[in-house]
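Here is a short briefing for a reader new to this structure. Start with the sequence and the model below, then take the topics one by one.

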Amino acid sequence: MQVRRHVRLLWQQGVVLERRADELEQFAGRVAHDVLSPLGAVALALDLALRRCGEGDPARKGLERGRQATLRVKRMTDGLLAFARAGASPEPGARAEVHPIIDDLMVELAPVAVELGAELRVEPFAPCAVAASPGVLTSILANLTRNALKYLGDAAVCRVVIRVIDAREAVRIEVEDTGPGVAPALEQMVFEPHVRAQGARVPGLGLGLATVKRLTEAHGGRVGLRTVVGKGSLFWFELPRASSEAAHAPEIGPSSTA
């Protein structure tokens with residue numbers, strides 16, 4: 001009787017997983033249609049505008065920033081599409097160099113930090129690579145860094161620091177802020193979907209940290225949080241280090257799809 005019940009439970013779990021994989025396939029198709037198509041039109045318009053701008057044109061800098069932003073969005077979307085189409089499994093041999101991803105992200109978020117009156121800093125670190133696509137790593141790190149900047153609030157010192165740490169078989173990345181910290185009641189729930197601080201003034205759906213957790217764990221990694229109310233939070237994630245074999249293969253770039 002127990003064996004039969006166990007077999008039935010396994011079968012039901014298999015049906016649920018298959019249904020979820022199908023839903024991910026459908027989701028990937030909707031994202032491809034709803035995001036990538038208009039994004040291509042925006043990129044084309046920006047390219048045309050840039051061709052008409054002279055080197056000294058004041059509008060050129062803004063257009064260049066817009067073009068780089070569309071490339072980042074495409075890379076993130078490509079990585080998430082590959083993730084979804086694979087039934088929530090990372091691509092074999094996926095590899096992302098950490099330095100270029102952080103450098104690229106700083107180009108986008110440094111002006112945001114300036115507007116907020118905050119310091120955004122990356123501590124020096126040795127070159128390293130993780131076993132994930134550039135799109136996935138960009139999505140994880142962008143979510144954590146944007147979240148840290150958004151929730152700095154009225155702190156006396158507004159600062160966000162990114163650290164990359166060698167964790168032997170893994171690469172650990174920390175994003176530390178000087179904001180108000182996470183309330184103790186939310187610490188165990190903060191990575192769950194739609195969880196937001198009560199009375200939060202920052203717009204959002206509460207899916208950023210849930211996305212970080214889902215992507216990190218699906219790639220064999222871990223996420224965590226250390227926070228002190230009134231003194232700030234430190235969010236961290238670890239991803240497996242890319243194998244030496246992957247180093248000799250072409251890196252999965254912005255145009256990769258599953």
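Leucine 152 is found in the loop between H4 and S4. Helices (H or I, at least four residues) and strands (E, at least two) are DSSP runs, numbered from the N terminus. This is a predicted model: local features need pLDDT of at least 70, side-chain atom pairs count only at pLDDT 80 or more, and totals for chains, interfaces and linings use all residues. Residues are numbered from 1 along each chain as its sequence is written, and side-chain values use heavy atoms, leaving out hydrogens and water.

**Around leucine 152**
- Leucine 152 counts as buried because its relative accessibility is 3%. Buried means under 20% relative accessible area, exposed over 50%, and partly exposed in between (1.4 Å probe, protein chains only).
- Beyond its neighbours within four places in sequence, leucine 152 is in contact with Ala118, Cys158, Arg159, Val160, Asp177, Thr178, Gly179 and Pro180. Contact means heavy atoms within 4.5 Å.
- Threonine 178 is 26 residues from leucine 152 along the chain, yet their C-alpha atoms are separated by 6.5 Å.

**Helices H3 and H4**
- Helix H3 (residues 98-116) packs against helix H4 (residues 134-150) at an angle of about 25 degrees, with the axes 10 Å apart. Axes are lines fitted to C-alpha atoms, for helices over the stretch in contact, and angles run from 0 to 180 degrees between N-to-C directions.
- H3 and H4 are therefore roughly parallel to each other. Angles under 35 degrees count as roughly parallel, over 145 as roughly antiparallel, 65 to 115 as roughly perpendicular and the rest as oblique.
- Residues of H3 that meet H4 include Val98, Ile101 and Leu105. On the H4 side, Leu137, Leu141 and Thr145 are among them.

**Aromatic rings**
- The whole structure holds 1 aromatic pair. Phenylalanine 191 and phenylalanine 235 form it edge-to-face, 5.9 Å centre to centre, with 80 degrees between the planes.
- Rings of Phe, Tyr and Trp (its six-membered ring) pair if their centres lie within 6.5 Å; planes under 30 degrees apart count as stacked, over 60 as edge-to-face and the rest as tilted.
- Phenylalanine 191 lies in the loop between S5 and helix H5 (208-218) and phenylalanine 235 in strand S7 (residues 232-240), so the pair ties together parts 44 residues apart in sequence.
- Both phenylalanine 191 and phenylalanine 235 are buried.

**Arginine 168**
- Arginine 168 sits in the loop between strand S4 (159-167) and strand S5 (170-177).
- Its phi is near 60 degrees, a positive value in a residue other than glycine.
- Arginine 168 is exposed, with a relative accessible area of 75%.
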